[in-house]
Amino acid sequence: MHILPLLILPLLSTASVLQHRYDHDHSHNVKRNLPSTWYHHPSHPVHSLFRRDENITYAPVGSTEWAAGYPPDPPALPDVKTIPAEWLAALNDAIARKAIPDIPLSKNTTDDGNPVYPTGVDPNSPEICSSTYQCRIPGDVWDAPAGFLGLSFDDGPEAGSGKLIEFLKTNNQQVTHFMIGSNIRDNPDAFIQEFNLGNDIAVHTWTHPHMTTQSNEQVVAELGWTMQIIHNSTNGRVPKFWRPPYGDSDKRVTAIAKEVFGLTTIIWNQDTDDWSLTDSPPGTTAAKINSSMHQWLTGPKTPGLIILEHELSNQSVATFMSAYPVMQQQNWNIMSLAQLIGQNASYQNADNSTSPVNDVNIINAKSGSPPSAPSSTSSTPTNLQASGQPSVVSSNPSPTSSTKPNSASPRWVMGPTAILSVAVIFMLWR
Ligand SMILES: [Zn+2]
């Protein structure tokens with residue numbers, strides 16, 4: 001009698017794992033690991049790259065001193081000669097470990113076309129696996145779990161951010177912002193408001209290039225400076241996710257993001273083209289987007305949805321606002337994409353934008369030695385305040401302690417299996 005539970009337990013565990021897989025078949029898809037197996041550990045070198053120094057008083061977000069600490073505006077690229085030595089050392093270490101594939105760079109041959117690789121190089125080969133050509137690298141995220149809809153907005157803070165902020169506030173809805181580093185520097189007020197609302201901040205590079213056209217050092221600069229401004233402006237949070245501009249990554253770029261900075265690459269599985277609403281002539285229309293949205297939202301729930309949307313303009317935000325009631329009516333589990341994919345941890349060292357920051361000052365991964373300064377878990381003040389400006393903090397309860405039920409959490413995906421396991425074992429045992 002006692003041996004039965006031992007036999008049945010592995011079966012149930014397997015079922016639980018299978019239930020947790022949500023990648024779907026795709027011609028170039030390589031089966032990837034579960035989110036829980038992705039590289040995420042406090043000993044990752046990124047924790048020493050962006051360690052917060054308690055002896056330094058950081059310049060207030062939005063101040064001149066704060067803004068002066070970063071590279072110039074696009075189209076100037078961050079100067080690779082000014083990359084912090086620690087980032088370069090981490091890159092060289094990863095190269096020495098053979099963790100960064102030595103593959104050719106792509107080139108932009110037309111203004112708005114896809115970048116191309118040298119003649120004879122197949123972008124869909126396992127060595128290159130370019131997401132621009134729809135090749136899926138194991139560990140990259142394209143789909144949401146069945147029934148879930150992960151919300152995210154790219155390119156902010158930008159012209160549509162104000163309208164988006166008001167809508168999110170009204171609906172008590174959190175999202176993930178894939179931010180352009182130079183836009184954070186140029187629009188600190190919108191940045192602060194979005195962060196203070198409990199939204200998750202993720203990386204969308206400093207100047208928004210096709211990343212597969214960039215050298216290893218340029219990739220490090222684009223990601224590193226954006227992580228640095230987010231880290232310095234969120235009381236020390238280290239982002240966990242990045243989305244490549246134009247969805248353009250490959251084995252080399254994805255490896256640098258992961259090996260040097262601990263970042264997971266996120267793409268999407270539906271594209272609104274909302275960025276082109278304000279082009280002249282417009283590349284799409286609100287009606288077209290509404291129609292696509294309706295089709296996706298009323299369609300199959302497997303896989304779940306990751307829809308590419310932008311906070312570039314009031315028009316692009318308006319298409320999201322029109323679709324939002326349909327998302328709710330169709331009973332999607334709607335949540336911030338970083339919360340969804342990160343299984344309730346949006347940052348490498350914090351659960352979300354309002355929870356305490358952990359492991360801030362703990363480990364020098366290379367030497368394994370403790371930091372010289374006394375280590376303490378930084379229980380950070382939650383809300384930021386721009387320099388010399390009235391607080392943008394609202395007196396409302398923190399969004400994370402709001403009425404949004406945790407039942408939307410992907411942890412519950414495993415819940416029924418776990419409960420069933422316990423119930424079956426209990427019955428068998430008796
Ligand atoms: Zn973008």
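Q: What counts as a salt bridge here?
A: A salt bridge is a side-chain nitrogen of Lys or Arg within 4 Å of a carboxyl oxygen of Asp or Glu. The model is predicted, so local features need pLDDT of at least 70 and side-chain atom pairs count only at pLDDT 80 or more, while totals for chains, interfaces and linings use all residues. Residues are numbered from 1 along each chain as its sequence is written, and side-chain values use heavy atoms, with hydrogens and water left out.

Q: How many salt bridges in the whole structure?
A: The search finds 8.

Q: What does arginine 185 pair with?
A: Aspartate 73, at 2.4 Å from N to O. Arginine 185 sits in helix H6 (residues 181-186) and aspartate 73 in the loop between helix H3 (64-67) and helix H4 (85-96), so the pair ties together parts that are 112 residues apart in sequence. Helices (H or I, at least four residues) and strands (E, at least two) are DSSP runs, numbered from the N terminus.

Q: Is arginine 185 buried or exposed?
A: Buried, at 12% relative accessibility. Aspartate 73 is partly exposed at 36%. Buried means under 20% relative accessible area, exposed over 50%, and partly exposed in between (1.4 Å probe, protein chains only).

Q: And which residue does arginine 136 bridge to?
A: Aspartate 143, with the closest N and O atoms 3.0 Å apart. Arginine 136 is buried at 7%, and aspartate 143 is buried at 0%.

Q: What about aspartate 154, which partner there?
A: Arginine 243, at 2.8 Å from N to O. Aspartate 154 is in strand S1 (residues 148-156) and arginine 243 in the loop between strand S4 (241-242) and helix H9 (251-261), 89 residues apart. Aspartate 154 is buried at 1%, and arginine 243 is buried at 0%.

Q: Which residues are joined into one network?
A: Asp73, Arg185 and Asp186, through salt bridges that share partners.

Q: Which lining residues are closest to its centre?
A: Of 41 lining residues, Trp268, Asp271, Asp273, Trp275 and Leu308.

Note on methods
1 Å grid on protein atoms, 1.4 Å probe; cavity = no way out; pocket = protein on both sides within 12 Å on 5 of 7 lines; lining within 4 Å.
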